[in-house]
Amino acid sequence: MQFTGRVDNQVKLRGFRVEPDEIRLAIETHDWVKNTAVIVKEDPRTGFQNLIACIELSPKEAALMDQGNHGAHHQSKESKLQVRAQLSNAGCRDTAEIAGRTVVDLPGKEPTPEQRRRVFARKTYRSFEDGDVTRADILRLLDRTRTADARPRSLAELTLAELGEILRYFGQFLSEERLLPKYGYASPGSLYATQMYLELSGTGGLPPGHYYYHPVHHQLVLIRETPDAGPADEARLTFHFVGKKRAIEPVYKNNIQEVLHIETGHMVGLFDEVLPAYGLSIRELELTPEAKDLLECADEDYYLGTFEAVPFTGQRQDDTLDICVHAHPGKIVDLSAGQYRYRDGELERISGELVRKKDVIAINQRVYERSSFGITVLSRPERGWQGYVDLGRKLQRLQMNDLGLGFMSSGYSSETGSDLPSAKRIAGILGARGERTGPSYFFVCGRVSAEQVRSEGMKEDMVHMQGPAEMIKEDLVNFLPDYMVPNRVVILDRLPLTASGKIDVKALEASDKTDMDFADRPFVPPRTRTEKRIGDIWKMLMKRDAVSVRDDFFASGGNSLIAVALINRVNKTFRSALPLQALFDSPTVEKLARRIDGDHAGTTSRLIRLRGSGSGNPVYCWPGLGGYPMNLRLLADKLDMERPFYGVQAYGINPLETPYPTIRDMAAEDIRAIRRVQPTGPYTLWGYSFGARVAFEAAHQLEQAGEQVENLVLIAPGSPKVRADDAVVHGNEPTYRNRAFVTILFSVFAGGISGPLLEEYLRQAADDETFATFITTVFRGLDRELVQRIVRIVRQTYEFTYTFRELAEHRIEAPVTIFKARGDDYSFIENRSGYSAESPTVIALQADHYSLLRDPDIDELVQTIRRRLRGRQPGLEQGQEKKEEFTLPHVNIKHFPVALSEEQESELVAAVAKAVQSAFECDEGVISIALEPVDQDAWNEQVYVPELVERKELLRKTPNY
């Protein structure tokens with residue numbers, strides 16, 4: 001017998017045998033993917049083998065900006081090209097162009113609280129977290145009759161201070177929560193490549209002339225003086241807009257003039273919102289391209305239009321636009337799916353055809369799915385380029401609404417022949433009605449929360465950090481085990497083919513496009529011996545061949561397992577005792593080195609500050625079994641509340657700590673830590689999984705001490721159903737004979753209770769030694785001693801995780817909310833009574849025990865928590881809240897037999913389900929809906945008499961027949 005080689009394609013990677021074709025097939029189930037090749041490639045710099053997925057997108061399902069002429073940055077944000085362009089302020093005039101010119105420092109450089117509020121409220125929203133939208137909401141939004149109430153003023157009355165206040169809205173706004181500056185108006189790609197020039201005379205006491213407004217420095221730069229135009233009552237204030245070609249070309253290849261005109265419209269729309277408070281309006285003037293010569297701009301730059309400030313008129317140019325409303329199926333409570341024309345204050349249905357998800361560019365499709373409706377604004381064909389100014393002007397005004405509705409632009413038409421898919425779709429829908437369309441702009445919309453509106457953070461700007469490659473990789477985590485997720489996803493225009501038409505894997509392996517690349521980052525090399533030694537550990541665990549001492553661990557792709565390994569290696573190397581949470585406080589090599597060298601005095605609390613901003617009282621949240629709060633980090637980030645968020649790490653995680661033997665002792669010690677941060681109540685306590693038990697006990701002890709607990713939130717307090725077969729034999733015995741215990745122990749490290757890795761683990765793990773060997777082999781870098789400490793905590797707490805004999809002795813006053821995960825057993829607290837002054841509110845989730853803390857399922861939890869914490873329903877006394885666990889709505893629609901199409905039936909059911917879910921605040925999964933045809937001859941007997949006559953007290957809508 002002779003061995004000639006394997007007949008399959010398996011390779012050994014990360015301690016596992018993986019089949020690249022299996023990964024390829026899984027990736028090709030993604031909506032966006034046309035073809036895939038998966039290769040294993042060794043990085044010559046590090047010696048590590050990397051799993052690389054090479055993908056060809058389906059252009060029909062995953063359109064790119066600049067489709068057909070796109071740069072690599074539209075496929076992946078790995079190069080950070082767009083972010084670097086945004087940070088460089090490339091849209092401003094160059095320093096050399098300003099040098100030697102007269103500069104006017106405008107008053108009001110420090111923005112007022114009201115200016116900050118308005119600017120940060122106007123965002124391009126990518127999540128809609130605040131519930132339903134109604135037809136009335138849309139009509140209020142589109143009401144064209146709304147005009148500001150202002151007294152007209154002469155421009156001669158405008159002071160320099162007032163001019164500074166007005167222009168400050170067009171400058172940069174900075175925040176400690178943001179990497180990128182914020183502006184008061186939208187700019188395609190956030191490049192802010194449109195420059196604004198003022199031509200003024202007799203205004204604000206300034207010499208007549210042409211001035212450039214510098215948005216970074218809040219200055220006017222004199223470009224050219226002009227002769228005095230005459231007396232003060234002839235004061236003029238004219239705005240010229242110019243697009244800087246060099247600022248936009250690195251990111252856009254197609255539709256450059258279109259997006260610059262749209263940005264100009266956004267700036268004019270901001271004037272529409274700001275000027276009435278000063279008794280002024282803005283109006284369009286005739287195009288004067290020759291004005292660009294007076295402004296000393298580059299010949300290649302684009303003249304975009306001229307406007308002037310005038311005494312307030314109450315009239316706005318953008319009110320001449322046509323508007324179509326696109327209602328998503330089941331998303332508007334009282335509006336069926338379809339395309340509507342807004343006319344004379346009403347919505348007229350014109351088509352059942354919609355702009356589809358695939359008609360939106362790939363990076364915005366998730367937002368499309370989250371949105372409730374869309375709006376297309378259309379300018380008149382004869383407006384040409386100026387029609388695009390009209391479009392931006394309208395969207396800016398819509399964005400600055402006070403109705404809690406947020407917007408994201410999702411496609412526009414093109415004067416140069418590169419219409420985006422959504423524009424082609426709307427042109428087709430209207431063309432089928434015989435209508436000719438001019439410039440168009442489509443955006444999706446939904447309800448946003450007050451927290452989103454107030455936020456100064458970067459949550460809504462993450463599109464600049466993720467392209468299709470990053471999004472696909474993020475999606476793969478949801479349907480591939482960790483060891484099969486590629487290190488890198490590379491998107492290529494076409495995958496190379498062999499002469500026989502098969503994908504040329506060898507060509508991909510040889511291509512430098514499939515190399516791992518970490519070179520594009522600010523680099524500060526290690527400067528001290530401590531930094532160098534920590535940097536060596538960092539490079540080894542993060543699989544990098546270089547490290548900057550200012551690289552952020554989490555921003556560089558660090559995860560909980562690497563964090564644990566990193567701290568343990570640092571402690572062994574330096575014989576230190578840094579706690580695991582040190583990486584949250586000191587996430588760079590530089591900061592860790594300072595702590596090692598003794599610059600950071602004092603002990604570190606077990607309260608890990610997962611979110612630090614906000615003035616409200618903190619949230620304290622206990623993690624699940626094992627006690628490490630890393631998996632709460634995404635929850636803290638997504639909630640984005642105006643209060644700090646602490647994860648309570650278990651005592652016993654760090655060396656020399658011994659776990660407490662009872663829940664009572666654990667809670668008492670945790671309360672001592674909490675009171676060092678917050679000496680008095682009211683307290684907000686949350687707990688996930690096993691942590692729900694500790695949170696409950698902590699609430700009881702705090703109330704016994706005379707403190708107030710404002711809210712007690714228990715997330716997935718029940719056990720995932722893994723114990724049924726073993727409970728009869730082993731009960732809650734924490735031994736390796738009990739497969740339920742072994743499975744739960746595995747989940748502490750793997751974050752799940754299924755998959756081939758679990759089956760292999762169940763075969764191998766027979767005791768603590770074999771368990772630790774398996775875990776440290778699979779999750780390389782985990783310290784064996786740490787694994788043993790976590791096992792000790794799990795073993796200590798497993799026996800009493802889901803029993804609560806003391807429950808009858810505990811009674812708390814705090815309101816209790818239970819978020820029940822799909823598939824979980826009943827928890828220690830459910831189906832019991834007497835332990836709280838109010839019955840708990842139980843909310844059933846679609847997500848399971850583990851996925852509810854991971855994308856995308858975490859969005860369901862976040863939105864539900866937001867609704868719950870906004871307060872109880874007005875008009876209800878304590879204890880009268882709706883309890884979703886016991887709300888099981890059933891709707892039976894009886895009707896004459898009628899031939900409903902499958903689409904009509906689906907639309908009807910979706911709309912009814914949405915309305916019921918909103919009214920009862922229940923989970924969609926508990927709603928049942930029946931459609932029951934009743935013959936006309938039997939109507940009186942089966943429906944009219946028993947339902948309408950004999951039970952008329954139940955009717956909420958009576959017919960008129």
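## Cavities

A cavity is a set of points, on a 1 Å grid over the protein atoms alone, where a 1.4 Å probe fits but cannot get out. A search of the whole structure finds 5 cavities of 30 Å³ or more, where a volume is the space filled by probe spheres set on the grid points, which are joined across faces, edges and corners. The structure is a predicted model, in which local features need pLDDT of at least 70 and side-chain atom pairs count only at pLDDT 80 or more, while totals for chains, interfaces and linings use all residues. Residues are numbered from 1 along each chain as its sequence is written, and side-chain values use heavy atoms, with hydrogens and water left out.

The second largest cavity holds about 170 Å³ of space. Its lining consists of 20 residues (lining residues have an atom within 4 Å of a point), and A650, Y651, M666, D670 and F690 lie nearest the centre. At least two lining residues come from each of α21 (663–677), α22 (690–704) and α27; helices are DSSP runs of H or I with at least four residues, strands are runs of E with at least two, and both are numbered from the N terminus. The lining of this cavity comprises 11 nonpolar, 6 polar and 3 charged residues, with Ala, Val, Leu, Ile, Met, Phe, Trp, Tyr, Cys and Pro counted as nonpolar, Asp, Glu, Lys and Arg as charged, and the others, Gly among them, as polar.

## Second largest pocket

A pocket is an open set of points with protein on both sides within 12 Å along at least five of seven lines. The second largest pocket has a volume of about 870 Å³. It is lined by 22 residues, and V891, N892, I893, K894 and L955 lie nearest its centre.

Strand β26 (890–895) and helices α29 (902–920) and α30 (939–949) each supply at least two lining residues. The largest share, 5 residues, comes from β26. By class, the lining of this pocket divides into 15 nonpolar, 2 polar and 5 charged residues.

## Helix packing

Helix α27 (residues 784–798) also packs against α24 (residues 739–750): their axes come within 11 Å and cross at roughly 135°. Axes are lines fitted to C-alpha atoms, for helices over the stretch in contact, and angles run from 0 to 180 degrees between N-to-C directions. The pair is therefore oblique; angles under 35 degrees count as roughly parallel, over 145 as roughly antiparallel, 65 to 115 as roughly perpendicular and the rest as oblique. The contact (heavy atoms within 4.5 Å) involves A740, F741, I744, L745, V748 and F749 of α24 and V787, I790, V791, V794, R795 and Y798 of α27. These residues divide into 11 nonpolar, no polar and 1 charged.

The axes of α8 (residues 256–274) and α11 (residues 385–399) come within 6 Å and cross at roughly 45°, which makes α8 oblique to α11. Residues in contact include H261, G265 and G269 of α8 and Y388, G392 and Q396 of α11. By class, this contact has 7 nonpolar, 10 polar and 5 charged residues.

## Backbone features in loops

A cis peptide bond with omega of about 0° joins G681 and P682, and P682 lies in the loop between α21 and β22 (683–688). Another cis peptide bond, also with omega of about 0°, joins D855 and P856; P856 is placed in the loop between β25 (841–848) and α28 (858–869).

Y192 is not a glycine, yet has a positive phi of about 50°. This residue is in the loop between α6 (160–168) and β6 (194–201).
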